[in-house]
Structure formats: structure tokens, C-alpha cells
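Open the model in your viewer and keep the sequence panel beside it. This tour says what to select at each stop and what is found there.

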Amino acid sequence: MEVGVVGGTGDEGFGLALRLARAGHHIVIGSRSEDRGRQAAQRARDILGGEVTVDGTTNESCAAAAEVVVVTVPYEGQAEIYRSIKSHLPEGRVVVDTTTPLATAVGGRPWQVLRPWHGSAAEQAEALLGRGRVRLVAGFHTVSAEPLRDLDRNVEGDVLLCGADAEAKAAVGGLVDGIANLRWVDAGDLAMARIVEPLTALMVSVNRRYGIKDAGVGLTGHERWGRPDA
């Protein structure tokens, strides 16, 4: 699958790019600067070696070409990024929003959250792009950037996916399944992002208290669940 990572030069985006490229997907790293996108892609190829396919370009070109577009930007830059890529996203494209409205956007602490007018950052993204124009999924809020970038260790935990489109969530879930020791969970409609997004702040707080960098979230009972649409 061709996966575009908008904001892929940042810590979270670059970590996801590494993991998904290693899983065999064609990755396009997007950046505000085409040169920075290409440099990040070269860095990823140097790290991964082998015959991985990682390219770099602008955020706009990244959004236009990929089958799945993962947007990995801080909350303070979310609106600007979505406005810049909106006209480049074909209708029906699967878009994954990873944004958490942390209070760092207004000078606060990373273990504090803001409450967007629309209820969540994902719902704000939906409003910016136009309701129903793309197939929006919220996810990856409980996966830390540092373990994603450390390819010598497995990333553990559950990725909680929110959205109205079950097929889009399953497509994103397939990407999650390609990352060793990660599982995906259908957490319900997009409004559930109002609960899931603040879990990032919880993970930051736990990391801070214990002096670690890889706290995650895991739900019990998977073996009894069956398929989410059963």
C-alpha cells in the first residue's frame, strides 16, 4: 500500500514511516519543504537498508498521491496543514488524524489537554476538510514516538481507531497489524476521539512519573472479541 505521512519529518511521523516501510509499504514522507521531505526519506532508507521504498516530497504532493494519508502534526499546526492539503486530497481518500490537543499549543504542559470547539482534534479535522469528503479515522494517540523510532525493540499496546467508516478503520487496522506487537481496536465513531485523544496526555504523565518513554495502552480480552462488525 502507498502510505503518505504528512508531517513525516517530525518524531511521530518519522517513526511511523520507519515502521510502515519495514512492513513492506511504499512510504512518502511529506514536509512543508520538499528538500526536508527528501532528506528525511534518505535518512529512513539509510536506517532501514535493504529494498525499502521511501520517498520524500511536499505535504501537498504527499496527500495527493497516497492511498492512505497519515497526518502527524502538533495541534498548533493542525488547521494550517489541513487547509494546505485539502484541495490536494481526492474525495474518498482514507485520512488518519493522529493529533492530540495538548496544552503545549498555548504554552501549557504536555500532560494537560485542550477541548476543541468541535469536541476533538479529529472532529476539527473533519470540519476543516468537509464532512464526508474523505474517510477520516482517528488513531495512534497511544503510541509514543521514541519506541516507534527504535527499531531494535517491539512497540507494544493497542491502537484505538475511531471513525464512521468501518472499511477505512479496517484498512488502517491492517497497517497497524503489520507492526510487530501492535494490535488495533475499533473504538467506535469519530466522536470517541474525544476520549481517546486525551490518553496521549495520560501516557506523557505516566512516562514522566516513572522516568520512561514508552508507556502504552492495552485492552484485555481480545481473544474473545471476534470481528468488530460481528
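Which helices each supply at least two residues of the lining of the largest pocket? Select helix H1 (11-22), helix H4 (75-85), H6 and helix H9 (199-210): each of them does. Helices (H or I, at least four residues) and strands (E, at least two) are DSSP runs, numbered from the N terminus.

Two notes before going further. This is a predicted model, in which local features need pLDDT of at least 70 and side-chain atom pairs count only at pLDDT 80 or more, while totals for chains, interfaces and linings use all residues. Residues are numbered from 1 along each chain as its sequence is written, and side-chain values use heavy atoms, with hydrogens and water left out.

**Stop 1: the largest pocket**

Select Glu12, Leu102, Val143, Ala145 and Thr200, which are the closest to the centre of the largest pocket among the 30 residues that line it. The space in this pocket is about 760 Å³. On a 1 Å grid over the protein atoms alone, a pocket is an open set of points where a 1.4 Å probe fits, with protein on both sides within 12 Å along at least five of seven lines; lining residues have an atom within 4 Å of a point. The volume is the space filled by probe spheres set on the points, which are joined across faces, edges and corners.

Now colour the lining by class: 10 residues are nonpolar, 13 polar and seven charged. Here Ala, Val, Leu, Ile, Met, Phe, Trp, Tyr, Cys and Pro count as nonpolar, Asp, Glu, Lys and Arg as charged, and the others, Gly among them, as polar. H9 gives the most to the lining, with five residues.

**Stop 2**

Methionine 203 is buried, at 7% relative accessible area. Buried means under 20%, exposed over 50%, and partly exposed in between (1.4 Å probe, protein chains only).

Next, go to glutamine 78 in helix H4. Glutamine 78 is buried, with 0% relative accessibility. Its C-alpha atom is 7.7 Å from that of alanine 125, 47 residues away in sequence.

**Stop 2: helix H7**

Ala168, Lys169, Val172, Gly173, Leu175 and Val176 are buried in H7. They lie on the same side of H7, because they cover an arc of only 150° around the axis. The arc is that of the directions from the helix axis to the C-beta atoms.

Pick out lysine 169, buried at 4% relative accessible area. Its side chain reaches the backbone oxygen of glycine 188 at 3.1 Å.

**Stop 3: two positive phi values**

Most residues other than glycine have a negative phi. Phenylalanine 140 has a positive phi, near 70°, and is found in the loop between strand S6 (135-138) and helix H6 (145-149). Finish at asparagine 181, whose phi is near 75°; asparagine 181 is partly exposed, at 43% relative accessible area.

How values were computed
A polar contact is a pair of N or O atoms within 3.5 Å; within protein, one must be able to donate a hydrogen and the other to accept it, and residues adjacent in sequence count only if both atoms are side-chain atoms.
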